[in-house]
Amino acid sequence: MTEGTTPTAATAATTRPREQQGWRKRQKGRHAAPKTDRGKGGGKGGGKSGLARSSLVMAVGTVVSRATGLIRQVLQGAALGTGLLATTYNQANTVPASLYFLVIGGALNSVLVPQLVRARAEQPDGGAAFEQRLVTLVLCVLGIGTALAVWVAPEIISLYQSDTPENHEAFQLTVTFARFLLPQIFFYGLFSMLGQVLNARNRFGAMMWTPVLNNVVLVGVFGVYVGLMTVPDRVQDITQAQVTLLGLGTTLALAVQALALIPFVRAAGFRFRLRFDWRGTGLRKSLGAARWTLLFVLANLVAGTVVTRYASAADQALPKDGVGFTAYSNAQTIWMLPQAVITVSLVTALLPRMSRAVAERRLDDVRRDLSRALRISGVVIVPAAFFFLAFGPRIAQLLFAHGAADAATAAPLGHMLQAFGLGLIPFSAQYLLLRGFYAFEDTRTPFFMAVWIAVVNIALATGCHLLLPARWAVTGMAGAYAVSYGVGLLVTALRLRRRLEGRLDGRRLCRTYGKLTASAVAAGALAWLVARGCAGAVNVGSGTWSSALSLAVGGATMAVLFLALARVLRVGELRGLPGLG
């Protein structure tokens, strides 16, 4: 639902550079480059090329993972539709990741893993004992937390939907799914912990690619569900065998993803041994230092829970119309694809340079790198936002009007994608600006930024829930999410400008984004007209083929026009898109 709700490539990309920063600062006296080598990039040489290779591996892995995830999402839509039945599964499936991050995920990524990196650099055994203690601690917390979550599954689900007489069957089905799916908490943690052990050894590929295995297993699960079973369209019609297949299959997929890392960590030299001698190792102090990150996660989780509850109410009012939580989450997943690929890859290359610049008080370089990352990412993010605005309904019909869903039930999802659309610009930009605070090792300010966004999102979502009819309430909530990140971007930029001594390259950024927006508006409007004319002039049979043809023609038209107009307007960032140079 919100940023950082699942342990994905984004987690590794945004935490790994911070892990290494503290160690670099202590080693500066012995390993600092000559002054003549310090500059925009913070030094030259093999380290930079190695980072570029690592970023490429991560970016390619993310693309493949997202592509297979989209296939899985389409099959899931065909199997379960986008109504109340699908919401019982999807709601139960979001809980494990949320609880994992709340219980230990935030602390693991922000504080404990940086300690692991320092231990490898400073301790005589290369940090082996510390690694074993940390893995033991994480596994114990995960095991206890998972058991407790399964035990109190009804109470957890009651946060997301009401157990009323009218909704009792859906509530009970969600609880049943949750008992199958909550063990994912353990496997989320195992995957993240083993992945960070690899990252500490500068081995990044496995963590980026093993999620593909998860998607492959889920594609098989939903393929069996659709191909060998009668697909139900109501909560009352699903059988115990179908529930078991979906529940066990989904948890098995994540278990495969996590366990697949074991051969890689062994090959990297890690040997696991249970160690409970935690006293005097600094772990308690480290957990205390993670409080701001945990509060950041909690702020996002509270907002997500409120929106989920409201969206579930829309599902209960119109159980077969696809107007609630499943449509919202599917639209949001598609909407975030450009940010997940381009912005995360840029952050991977950006953070080490910014961290070195902050350590050496080169604030001009921090400002320059942030500005360039924002401008380069905007070349993809801005046209993508207008593409979703122009073609949201056609995307929804192409991907989700199959199996248990049809064109009518896919339409609300398309409108939600349009409502999210332009919010992609502030969402991506705010994500990048937060990394400016992280370069200063400041986790307190991002928490307050998350509170601003959560408050605005909750207030606007509540208004949509109370004032709009069920058919449009969740579409309004998608728009509210976009507006909340617009407010968040403004507040974040003002605070970061203060941190950077009153300057954030604002004029240049506004000029570049103005050109990109003008190019995207003109290209998107003309592409929409071309796609509409194509759909009306060419008879290709089913709505799916019509949507595919109009999307292909419209998308190609928009891409060509956008690039042409951006060149006419002299958007120089087109040349820097592959990386940060």
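1. Buried means under 20% relative accessible area, exposed means over 50%, and partly exposed lies in between (1.4 Å probe, protein chains only). The model is predicted: local features need pLDDT of at least 70, side-chain atom pairs count only at pLDDT 80 or more, and totals for chains, interfaces and linings use all residues. Residues are numbered from 1 along each chain as its sequence is written, and side-chain values use heavy atoms, with hydrogens and water left out.

2. Start with Arg497. Its relative accessible area is 39%, so Arg497 is partly exposed. Arg497 sits in helix α21. Helices are DSSP runs (H or I, at least four residues), as are strands (E, at least two), and they are numbered from the N terminus.

3. Arg497 belongs to a positive surface patch, together with Arg444, Arg495 and Arg498. Helix α21 (residues 470–499) supplies the largest share of this patch, three residues. A patch takes residues with over 30% relative accessible area and no salt bridge; like charges are joined within 9 Å, and nonpolar side chains (Val, Leu, Ile, Met, Phe, Trp, Tyr) within 5 Å. Lys and Arg count as positive, Asp and Glu as negative, while His and the chain ends are not counted. Each charge is placed at NZ of Lys, CZ of Arg, CG of Asp or CD of Glu.

4. There is also a nonpolar surface patch. Ile144, Leu148, Trp151 and Val152 make it, with an area of about 440 Å². Accessible areas come from the Shrake-Rupley method with a 1.4 Å probe, and for residues only the protein chains shown count as cover. Trp151 lies in helix α5 (residues 128–151). Trp151 counts as exposed because its relative accessibility is 65%.

5. Next, the salt bridges. Side chains of opposite charge can pair when their charged atoms come close. The rule used here asks for a side-chain nitrogen of Lys or Arg within 4 Å of a carboxyl oxygen of Asp or Glu. By this rule there are seven salt bridges.

6. Which residue forms a salt bridge with Arg375? The partner is Glu573, and the closest N and O atoms are 2.4 Å apart. Glu573 lies in the segment after α23 (543–568) and Arg375 in helix α17, so the pair ties together parts that are 198 residues apart in sequence. Both Glu573 and Arg375 are buried.

7. Arg362 and Asp365 are both buried.

8. Asp364 and Arg367 form another salt bridge, at 2.5 Å from N to O. Both lie in helix α17 (residues 363–400), three residues apart, about one turn of the helix. Arg367 is buried, since its relative accessible area is 6%.

9. A disulfide is a covalent bond between the sulfur atoms of two cysteines. The search takes a pair of cysteine sulfur atoms within 2.5 Å. Across the whole structure it finds zero disulfides. Cys140 is partly exposed, at 24% relative accessibility. Cys510 is exposed, at 60%.

10. How many of the 11 residues of helix α15 are buried? The count is 10, so helix α15 (residues 325–335) is largely enclosed by the rest of the structure. Among the buried residues are Phe325, Tyr328, Ile334 and Trp335. Thr326, Ser329, Asn330 and Gln332 are also buried.

11. Ala206 is found in helix α9 (residues 205–209). Ala206 counts as buried, at 13% relative accessibility. Ala206 and Leu261 are 55 residues apart in sequence, and their C-alpha atoms are 6.8 Å apart in space.

12. Two backbone angles deserve a look. Asp505 is not a glycine, yet it has a positive phi of about 55°. Asp505 lies in the loop between α21 and α22 (506–537). With a relative accessible area of 26%, Asp505 is partly exposed. Arg570 is not a glycine either, and its phi is positive at about 60°. Arg570 is placed in the segment after α23. Arg570 counts as exposed, at 72% relative accessibility.
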